[in-house]
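Please examine the sequence and the structure shown below. The paragraphs that follow lead from single residues to the overall fold.

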Amino acid sequence: MGMPEAQPRTVNAAAAPDFDVQHFRRTLSQFATGVTVITTRASAEMVAAGAPPFIGITASSFNSVSLDPPLVLWSMGTRTNSLPMFRDGTHYIINVLSASQMDLCQRFATLKGDRFAGVDYRLSATGLPILTNALAWFECHNRSRYDEGDHVIFVGEVERCGVLEGPDGPLVFQSGQFSTTTPLEP
Ligand SMILES: Cc1cc2nc3c(=O)[nH]c(=O)nc-3n(C[C@H](O)[C@H](O)[C@H](O)COP(=O)(O)O)c2cc1C
């Protein structure tokens, strides 16, 4: 399909880091995030070669960007196998996981083969998997991509989204551990 790549507008030189990668990881990991599974479809060529029709990855890099137009972002490591499918596809779905979906979090981070086998989902307007019991979902047009360091930043334009009011809280990831939220007393 070959979509044009957006380029960063400014790149300013920084001093060399005064820390190693391990320290950087540990420092970053203090920031609590939700957890998403982002889904799209495999290319026709890959399916013809025997690949499963849908692909998905666990991602905690999701965030909001703009209300009008409705934009969100997430980032993907350049060494992720499914990067070409996400880069070249027209749409993806961002599924926000609930606390009862830790199994899906692990599955979509590590499983080789068909990650959707035995997983419940329905198809979105553009025919992509919306996971059953996800807290929320965003159906995004693959608007732009920015190569930055060892990741590609994806900006998605939300065409449809939905909330599922369930009994479960969000799945939260912080300092390498999973938990859920407890409201604080005011
Ligand atoms: C909690 C959690 C958050 C993750 N967040 C991201 C992320 O934001 N971006 C990313 O590229 N990989 C992230 N990963 C790792 C990917 O899920 C993993 O590398 C990917 O599923 C590998 O897919 P592949 O088989 O296509 O290479 C995360 C993993 C976990 C467990």
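Is N133 buried, exposed or partly exposed? The model is a predicted one, and in this model N133 has 15 other C-beta atoms within 10 Å. A residue counts as buried with 20 or more such atoms and as exposed with 12 or fewer, so N133 is partly exposed. This residue lies in the loop between strand 8 (129-131) and strand 9. Its phi is positive, at about 75 degrees, although N133 is not a glycine.

Because S175 has 11 other C-beta atoms within 10 Å, S175 is exposed. The peptide bond that joins D68 and P69 is cis, with omega of about 5 degrees.

The view may now be widened to the whole chain. The secondary structure of the protein comprises 4 helices and 12 strands. For 186 residues, a compact globule would have a radius of gyration near 16 Å; the value for the protein is 17 Å, which agrees. Along the principal axes, the C-alpha trace spans about 50 × 45 × 35 Å. Buried residues account for 23% of the 186 residues. Of the contacts between residues at least 6 apart in sequence, 67% join residues at least 24 apart.

The strands pair with one another in several places. Strand 9 and strand 10 run antiparallel and are joined by 12 bridges. These two strands form a hairpin with 2 residues between them, and G149 in the turn has a positive phi of about 55 degrees. Within this pair, N142 has G156 in strand 10 as its bridge partner. Strand 10 (residues 151-163) is also joined to strand 5, by 7 bridges, and this pair is antiparallel. Here W74 stands opposite F154 in strand 10.

Elsewhere, 3 strands form an open sheet in the order 1-11-12, with antiparallel pairing. Strand 1 (33-34) and strand 12 (177-179) are its edge strands, as each pairs on one side only. Strand 11 (residues 172-174) is joined to strand 12 by 3 bridges, and F173 stands opposite F178 in strand 12.

The interior comes next. In soluble globular proteins, nonpolar side chains tend to be buried together. The largest nonpolar core in this model has 25 residues, of which I38, Y92, I93, I94 and L97 touch the most other members. Two or more residues come from each of strand 2 (36-41), strand 3, strand 5, strand 6 (91-96), helix 4 and strand 9 (136-148). Strand 6 gives the most, with 4 residues. Apart from its neighbours within four places in sequence, Y92 is in contact with I38, T39, T40, F86, L128, C140, N142 and G156.

Finally, which residues come nearest to the ligand? Of the 16 residues around it, these are I57, A59, S61, N81 and S82. Strand 3 (54-59), strand 5 (71-77) and helix 4 (102-110) are the elements that give two or more residues to this shell.

Terms used:
Residues are numbered from 1 along each chain as its sequence is written. This is a predicted model: local features need pLDDT of at least 70, side-chain atom pairs count only at pLDDT 80 or more; totals for chains, interfaces and linings use all residues. A residue is near a molecule or strand if its C-beta atom, placed from the backbone, lies within 6 Å of it. A nonpolar core is a set of buried Ala, Val, Leu, Ile, Met, Phe, Trp, Tyr and Cys residues joined through C-beta atoms within 7 Å. Two residues are in contact if their C-beta atoms, placed from the backbone, lie within 7 Å. The radius of gyration is taken over C-alpha atoms; the globule rule is 2.2 Å times the number of residues to the power 0.38. Two strands pair if DSSP finds at least two bridges between them.
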